[in-house]
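Open the model in your viewer and keep the selection tool at hand. This tour goes from one selection to the next and says what is there.

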Amino acid sequence: MNAFDPYTYRDDFPILAQSVHGKPLVYLDNAATSQKPLPVLNASRDYYEKLNSNIHRGVHHLAQAATAAHEAARETIARHLNATRPEEIIFTSGTTDSVNLVASSLGRSDRFVNGDEIIISGLEHHSNTVPWQMLCERLGITLKVIPVLDDGTLDLDAYQELLSDRTKLVAVNHVSNAFGTVNKVVQICSQAKKFGALTFIDGAQSLPHMSIDVQDVDCDFYAFSGHKVYGPTGIGILFGKHDLLCELPPWRGGGEMIKEVTFEKTTYNDPPFKFEAGTPNIEGGIALAAAIDYVNKVGLTHIASHESALIEKAAAMLAGLDEVAIYGPPDRTGAISFNFEGIHHYDLGTLLDQMGLALRTGHHCCQPLMARFGVSGTLRASFALYNTEQEIDALEAALKRALMMLR
Ligand code: 7TS
């Protein structure tokens, strides 16, 4: 295959050593959440053992040490995304929270008037759909959707047609969690800009698999979740261009986001603090930075080529099975989705679980996409740096056995 050896890293992930239903665990549900390596687990533990204190509000030693670690984590993430400054990085609780932050803040701004439009795509997760739909309902503006072609890619000719002076925002994912489709975000953003529209990229499924340069993408916002990139749950990131973050109103009120409070009037802090009301997930931010350091140490280029070799092997294996439907384009990233004629994805997923394999079944929080392909759901295998060729062989053997039982 290639020089990268996943076995070098598997011992870093203690959870992988366990058995499930008496069989070795084969974890292929990484698009839902990835497992955590020791440096991340240690960073969480170290924080509570050595640093725990509230940040930005104490003169004492621990408060200052915790603040320094929290802000160093922000710098690590800013560097990783190639943001122009750490103030462009807002800590949120995850991608969903990041989308809601932007939708809510934009909703309070004066950027929308009657007749305006927001464009999303037919490949979106519900978390990059519903907040925009709620905003449209609240403001009386219109949601437009870029259609999905039969190969699971976006119809970019149709996108060009949808764009107009009424378009105020385009929000799409970088990589589809359901099909692994990689969207042409550079092109999508540059076309949107020609009409003066803002751009929001949901990077929940791209961050674990490729290096991201927000200046190259040239989007206004980029969001991701810590837990899908080997970090903890409950922490996520919103990158926003600094000028825009200065201009936009806050979405939640509370401590930290203020400059001065009187009962008559409150003035707001500068970004990023304006958008970070209350005590944040301090340990989560620090452990997320440890996860980013880990990924960079292993090397995203190695991770990407290893995972794409695994996906190609999985695709070839699946194509060799009878009456299979495989969704999405061949150059998919992170995940592969499939169904077998006459067999419910849930039944197959349940049998695979009995054999120790963890795959996701269902609509993957993409009901409109499932409707577009006329299915209630799919079976999805999704990959991380620690998955192996042997695990694809195990998937093949398990699928053959399960299909025999179900047919
Ligand atoms: N956007 C995409 C593209 C996603 O894949 C997900 C989660 C989200 C947003 C929401 O992320 P959260 O961390 O805020 O929940 N996707 C999945 C999945 O595919 N299976 O479980 C969660």
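A pocket, in the sense used here, is an open set of grid points where a 1.4 Å probe fits, with protein on both sides within 12 Å along at least five of seven lines. Its volume is the space filled by probe spheres set on those points. The model on screen is a predicted one.

**Stop 1**

Where they meet, 33 residues of domain 1 are in contact with 29 residues of domain 2.

**Stop 2: the largest pocket**

Next select His125, Ser127, Ala204, Gln205 and Lys228. Of the 22 residues that line the largest pocket, these five lie nearest its centre. The volume of this pocket is about 250 Å³. Sorted by class, its lining has 13 polar, 5 nonpolar and 4 charged residues.

**Stop 3: aspartate 29**

Go to aspartate 29, in the loop between strand E3 (26–27) and helix H2 (38–51). Is aspartate 29 buried or exposed? Its relative accessibility is 14%, and buried means under 20%, so aspartate 29 counts as buried. Now show its surroundings: leaving out residues up to four places away in sequence, aspartate 29 touches Ala358, Arg360, Arg380 and Ser382.

**Stop 4: helix H3**

Select residues 61–81, which form helix H3. From first C-alpha to last, the 21 residues of H3 reach 31 Å, close to the 30 Å expected at 1.5 Å a residue. Step on to asparagine 82, which follows H3 and has a positive phi, near 55°.

**Stop 5: helix H4**

Last, select residues 95–108, helix H4. Its 14 residues span 20 Å between the first and last C-alpha, close to the 20 Å expected. H4 is mostly covered, with 11 of its 14 residues buried. Among the buried ones are Val99, Leu101, Val102 and Leu106, and also Asp97. What covers the buried residues of H4? The cover includes helix H5 (130–139) and several strands: E4 (89–92), E7 (167–173), E8 (198–202), E9 (221–225) and E10 (236–240). Show these elements together with H4 to see the cover in place.

Notes: Residues are numbered from 1 along each chain as its sequence is written. This is a predicted model: local features need pLDDT of at least 70, side-chain atom pairs count only at pLDDT 80 or more; totals for chains, interfaces and linings use all residues. Side-chain values use heavy atoms; hydrogens and water are left out. Helices (H or I, at least four residues) and strands (E, at least two) are DSSP runs, numbered from the N terminus. The expected span of a helix is 1.5 Å times one less than its number of residues. Buried means under 20% relative accessible area, exposed over 50%, partly exposed in between (1.4 Å probe, protein chains only). Contact means heavy atoms within 4.5 Å. On a 1 Å grid over the protein atoms alone, a cavity is a set of points where a 1.4 Å probe fits but cannot get out, and a pocket is an open set with protein on both sides within 12 Å along at least five of seven lines; lining residues have an atom within 4 Å of a point. Ala, Val, Leu, Ile, Met, Phe, Trp, Tyr, Cys and Pro count as nonpolar, Asp, Glu, Lys and Arg as charged, and the others, Gly among them, as polar.
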